[in-house]
Amino acid sequence: MKRYNHILILIAAVAGVQVLTAVLGKQFYLTQLTMTAYYCIAIVGLTLLMGFAGQISLGHAGFFAIGGYTSAVLTTLDLSQFKDSSIVSLLAKLFIVTSRQDLYGGQVLSFNPWAAFIIAIGLTLVIAYIIGIPVLKLKGHYLAMATLGFGTIIYSIVLGTQRFGAADGISSVPAFTLLPGLAVSGNTEFRVRNYYLAWTLVIGVMVLLINLINSRVGRALRAIHGAEDAAGAMGVDTARFKLNTFILSAALASMAGVFLTHYNGGIGPSEASIMKSVRYVAIVSVGGMGSLWGTLIMSTTLTFLSLRGYFGTFDDAVFGAILIVIMLFSPQGILQFDVKALLKKLLRKKE
Amino acid sequence: MALLEVNNLSKRFGGLQAVKDVSFSVERGMIKAVIGPNGAGKTTLFNLLSGFAEPDTGEVRFRDAWIHGRGPHQIAASGISRTFQHIRLFSHMTALENVTVGRHVRSRAGFVAGMLSLPWTHREEREIREKSLNAMEFLGIAHLAHDEATSLSYGQQRAVELSRALAAEPEMLLLDEPAAGLNMRETADLANLIVRIRDRGITVLIVEHDMSLVMKISDEVVVLSYGEKIADEKPLAVQKDPQVISVYLGEDEC
Amino acid sequence: MFLELFFQYLVAGLTYGTIYAIVGIGFNIVYNTTGIINFAQGEFVMLGGMIAVSLHSLLPLPIAIAAAVVLTMAIGALIEMTFIRWLVKPAVLRMIIITIGISILVREAALHLWGESVRSLPYFTGNEISAFSFGGVRVSPQVLWTLGICSVIVISLNLFFKYTMLGREMRACASNRDAAALCGIPTRNMVTLSFALAAGIGALAGAVVSPITQTSYSIGTGLAIKGFTVAILGGLGNSMAAVAAGFILGILESFSIWVMPTAYKDAIAITILLAMLFVRPSGLFGNKEAFRLKDF
Ligand SMILES: Nc1ncnc2c1ncn2[C@@H]1O[C@H](COP(=O)(O)OP(=O)(O)OP(=O)(O)O)[C@@H](O)[C@H]1O
Ligand SMILES: [Mg+2]
């Protein structure tokens, strides 16, 4: 079970950080750390696609937004006026639509967050499937532009549609009660619980993905990455494996979107922006493309710093610079950075 | 019934007729060679058989199924393995890992089983490893198992590619110029090896420029010239065929 | 009335179309010499407009524009020399990511330099309300300026590539880099030159069109996507076809306002782009077989 050693370290780190914030009285850090966890899920999913299947996606924020917005729209939709229609009452009987109190104490009839979550993931799977089939036939520049185009379409739909709150986004999204006593919400009372919940999800996703890359599927993906037609000649259905990976990573991004939206109590169009997608790609690159752990470490660090506002007005510029510097000097990721080789190269040039 | 039957296969690239109306068949358990000058369409023929290119017209039957128009992975799954004229190994993978990919068609763990790491997938992995090591032993390269594949010598890389194809336990093996770049001793070893592969019950279709190798091991020889089949005979008859001789004398003598 | 409106939309479409065409040609110039799609192509248009506007407060209009073009060309060349020149056979994915990074840095620099405000140059002649009338269709003089200058760009580029030594060397470099290098053509300088050229024409177009469309730090990405759509629609590497494709896209967008909300206008280019990529990546006028031989 050597492959799980890092998981144990991660568990210890998650608990350690929580204890540390408690001891130092800096519990407010947990809020950003929780948000970081959700972004990490999306980014680790993208690593699987980019690093293992070798396919770039410049539209992954689009899937994050599909999850977040679907869930936000359904859980804030007020169906009270249709209470007596047969469909709504049927949905209510199935607990898909439930009644809850809104912020002002009124009664709202809207989708149960569980139902909304399942619908959001289902919708993501369908969209990823429909988009993925043609898009993944493309390579290189074409794939990059096509996914960029997909991301832009989602962004302009979100920004241009009144139902999605246009530039303001959607707010007052209710808490998502997973189990009695365990709800995804930004309520500070449940901050520690939410922190553990989010990181438990990260750990779960990491375990699943580590298993996957060590399986026959992981080997097939690396083969596709290494020499696509040889993989085909050995019987790997390259199109299907790429598509499944695309769908899986889209579903993870969407799931992250759903949870973060409930945690933040809302979602805005910037979550769907191209800059967000580029940021995910930047983090995957710094993490070393083919390294789940590298990505997780860099994703936690950079996202946390960014959320705490350490980059100030240079937030986007920092990620742009990271992209360039990493791709120029260390395309294998920052953790693999070979200082000696670079020095040698520079010295040789001077001579 | 022949194991492989090719009927009137044609393929055009723009203005170039790369394969033209080629028909032949391969009996189970034989070694059949395809020869012809450079650009005769041999690799294209292999690409048509293995699903890498779709024929414009014509049919291919393997066992009892029509396989033309199927994708490479489907054809591989039906029992045809191939190697490439220009070696194509998976970079960033060890020799053993390369060979294990060959077992893909003989195993079945998918995304869900893989993510959940179900117990049966571990048994399957163990078998994949054993069979792959066996294939490497058969070629005498088991000691290279943990070296990075693309860092090996040319001859060793060829051996890795061949063990990868054998690991799939195919019924038919397509070899595209396996002797290219090998020295005389290595070529002689290769001849023995191909015969041993055939003796294991694997039917071999081989494209090769090395005439001595072809004449020594093959049971039948197809000759292509400008995409057309000009002969399909026993090796001795091919050597005497005036049409074949004129094609080869017009070219550089091999 | 209907006919008049029709022509108004047509003229607007043509104006936008020329800009898309110029960006598309910029993609082609760089692509031909390097095999790289420069995702930062749209930023050159933004820089041309923004720099010209800033300089215009000090200098007369023609000099401000000329200086903006020269400056942007220098920036283009500088970008190539710092980021691209010394990479030996980089992977496509790596180049994509680098040029995206460059585009972000340029945009963020522009944001810090000029802020978020929308700017524009004054009309070259006349003003917002002056117009020529062509049989009842009113056309702003700036539209004529834009169409005229962009035509001059396209024609002079053609002459440059056909009849000058330098242009021919660049073309030689495009068709076979190694062979060109063997013939003593400094291929690396040709790449730098292609970046400068692409930057220059983008900047000029950006300055000329700014009175009509206005400009701000963030217009680059949108233009890059549209320019790329145009380049693909015409067939990557084929600059004359890009002009036709630019007009097609500009006109389609312009008329789309009749049938759908403006907010979704940008989706048209992307839908065309995706459709083209899926159905005919060699372009409307491209050769399918020849395209397959290209290695991506
Ligand atoms: N994808 C392709 N597109 C266009 N032309 C092709 C393509 N593949 C092969 N050709 C052309 O088809 C002809 C036959 O090529 P093929 O590779 O099949 O020949 P070959 O017999 O294998 O030659 P060699 O002995 O050199 O390997 C050649 O003229 C080649 O240039
Ligand atoms: Mg060949």
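Me: Is B:Lys131 buried, partly exposed or exposed?
Reply: The model is predicted, and the values here are computed from it. Buried would need a relative accessible area under 20% and exposed one over 50%. B:Lys131 has 32% relative accessibility, so it counts as partly exposed.

Me: With which residue does B:Lys131 form a salt bridge?
Reply: A salt bridge needs a side-chain nitrogen of Lys or Arg within 4 Å of a carboxyl oxygen of Asp or Glu. For B:Lys131, the closest N and O atoms of the pair are 3.9 Å apart, and the partner is B:Glu169.

Me: How many residues apart are B:Lys131 and B:Glu169?
Reply: The side chains of B:Lys131 and B:Glu169 form a salt bridge. B:Lys131 belongs to helix α5 (residues 119–138) of chain B, while B:Glu169 sits in the loop between α6 (154–167) and β7 of chain B. The pair links distant parts of the chain, and the separation is 38 residues.

Me: What is the relative accessible area of B:Glu169?
Reply: The partner of B:Glu169 in the salt bridge is B:Lys131. B:Glu169 is partly exposed because its relative accessible area is 38%.

Me: Which residue of chain B pairs with A:Arg222 in a salt bridge?
Reply: A:Arg222 lies in helix α8 (residues 216–226) of chain A, and its partner lies in helix α3 (residues 95–101) of chain B, so the pair joins two chains. The N to O distance is 3.1 Å, and the partner is B:Glu97.

Me: What is the relative accessible area of B:Glu97?
Reply: A:Arg222, the other member of the salt bridge, is partly exposed, with a relative accessible area of 24%. B:Glu97 is also partly exposed, and its value is 24%.

Me: Are C:Glu253 and C:Lys226 buried or exposed?
Reply: The side chains of C:Glu253 and C:Lys226 meet in a salt bridge with an N to O distance of 3.3 Å. C:Glu253 is in helix α10 (residues 239–256) of chain C and C:Lys226 in helix α9 of chain C, 27 residues apart. Both C:Glu253 and C:Lys226 are buried.

Me: Which residues of chain B are joined into one network by salt bridges that share partners?
Reply: Over all chains the structure holds 24 salt bridges. Salt bridges with shared partners form one network, whose residues are B:Lys32, B:Glu220, B:Lys229 and B:Asp232.

Me: What area is buried between chain C and chain A?
Reply: The size of an interface is often given as the accessible area lost when the parts come together. Here 39 residues of chain C and 38 residues of chain A take part in the contact. Carbon and sulfur atoms give 82% of the buried area, which is about 3400 Å².

Me: How many residue pairs are in polar contact between chain C and chain A?
Reply: Between chain C and chain A the count of salt bridges is zero. For polar contacts, with both residues at pLDDT 80 or more, the number of residue pairs is four.

Me: Which element gives the largest share of the side of chain C that touches chain A?
Reply: The elements of chain C that give two or more residues to this side are α4 (92–114), α9 (220–234) and α11 (265–279). The largest share is 14 residues, and it comes from α4(C).

Me: How many residues of the side of chain C that touches chain A are nonpolar?
Reply: On that side, four residues are polar and three are charged. The number of nonpolar residues is 32.

Me: How far apart are the C-alpha centres of domain 1 and domain 2 of chain B?
Reply: Domain 1 of chain B covers 1–79 + 170–254, and domain 2 covers 93–164. In the contact, 14 residues of domain 1 of chain B meet seven residues of domain 2 of chain B. The distance between the C-alpha centres of these domains is 27 Å.

Me: Is A:Ala251 buried or exposed?
Reply: A:Ala251 is part of helix α10 (residues 238–264) of chain A. Beyond its neighbours within four places in sequence, A:Ala251 is in contact with A:Ile121, A:Thr124 and A:Leu125. Its relative accessibility is 14%, so A:Ala251 counts as buried.

Methods:
Residues numbered from 1 in each chain as written. Chains lettered and ligands numbered in written order. Predicted model: local features only at pLDDT ≥ 70, side-chain atom pairs only at ≥ 80, totals over all residues. Heavy atoms only, no water. Contact = heavy atoms within 4.5 Å. Buried area = accessible area lost by both parts, 1.4 Å probe. Polar contact = N/O pair within 3.5 Å; in protein donor to acceptor, adjacent residues only side chain to side chain. Helix = DSSP H or I, 4+ residues; strand = E, 2+ residues; numbered from the N terminus. Nonpolar A, V, L, I, M, F, W, Y, C, P; charged D, E, K, R; others polar. Buried < 20%, exposed > 50% of the residue type's maximum accessible area, 1.4 Å probe, protein only. Domains from an automatic or database assignment.
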